[in-house]
Amino acid sequence: MTDEQHTFTVDDLEYDIVTTLSTLLQSEQVIAHYARDFEDAGKPEIAAIFKTLLRNNQQTAIELRQVLRGVLASDD
């Protein structure tokens, strides 16, 4: 069987969204940890950058989740 004949469970676009969403969610814990490290080190200005990054990632994850819902609903 060639790759052209194989049908995957999800299409490429769904996979891209799910994978990106997963990566963003996994990074939340790491980024929050780094922000705490800089807070603990007395560097709140750097911690603020990481907190901004965390908020941006969270917002993007919310948006991707909404997009995924739309993509999945259109498959029905």
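Good morning, colleagues. The structure is a predicted model, in which local features need pLDDT of at least 70 and side-chain atom pairs count only at pLDDT 80 or more, whereas totals for chains, interfaces and linings use all residues. Residues are numbered from 1 along each chain as its sequence is written, and side-chain values use heavy atoms, with hydrogens and water left out.

I begin with the chain as a whole. The protein chain has two helices and zero strands; helices (H or I, at least four residues) and strands (E, at least two) are DSSP runs, numbered from the N terminus. Along its principal axes, the C-alpha trace spans about 60 × 25 × 10 Å. The radius of gyration of the protein chain is 18 Å, while a compact globule of 76 residues would have one near 11 Å. That radius is taken over C-alpha atoms, and the globule rule is 2.2 Å times the number of residues to the power 0.38.

Next, the surface. The protein chain exposes about 6,000 Å², of which carbon and sulfur atoms supply 56%. Accessible areas come from the Shrake-Rupley method with a 1.4 Å probe, and for residues only the protein chains shown count as cover. Of the 76 residues, 18% count as buried. Here buried means under 20% relative accessible area, exposed means over 50%, and partly exposed lies in between (1.4 Å probe, protein chains only).

How much of the contacts with a separation of 6 or more comes from residues 24 or more positions apart? The share is 60%, where contact means heavy atoms within 4.5 Å.

I turn now to individual residues. I31 is found in helix α1, which covers residues 12–40. Is I31 buried or exposed? I31 counts as buried because its relative accessibility is 9%. Leaving aside residues up to four places away in sequence, I31 touches F50, L53, L54 and N57.

N57 belongs to helix α2, which covers residues 44–74. With a relative accessible area of 13%, N57 is buried as well. Under the same exclusion of residues up to four places away, N57 touches L24, S27 and I31.

E39 also has its place in helix α1. E39 counts as partly exposed because its relative accessibility is 35%. Not counting residues up to four places away in sequence, E39 touches P44, A47 and K51. A polar contact of 2.8 Å joins the side chains of E39 and K51; such a contact is a pair of N or O atoms within 3.5 Å, and within protein one must be able to donate a hydrogen and the other to accept it, while residues adjacent in sequence count only if both atoms are side-chain atoms. E39 and V18, 21 residues apart along the chain, have C-alpha atoms separated by 32 Å.

Finally, G70 is found in helix α2. At 41% relative accessibility, G70 counts as partly exposed. From G70 to E28 the C-alpha distance is 24 Å, and the two are 42 residues apart in sequence.

Thank you for your attention.
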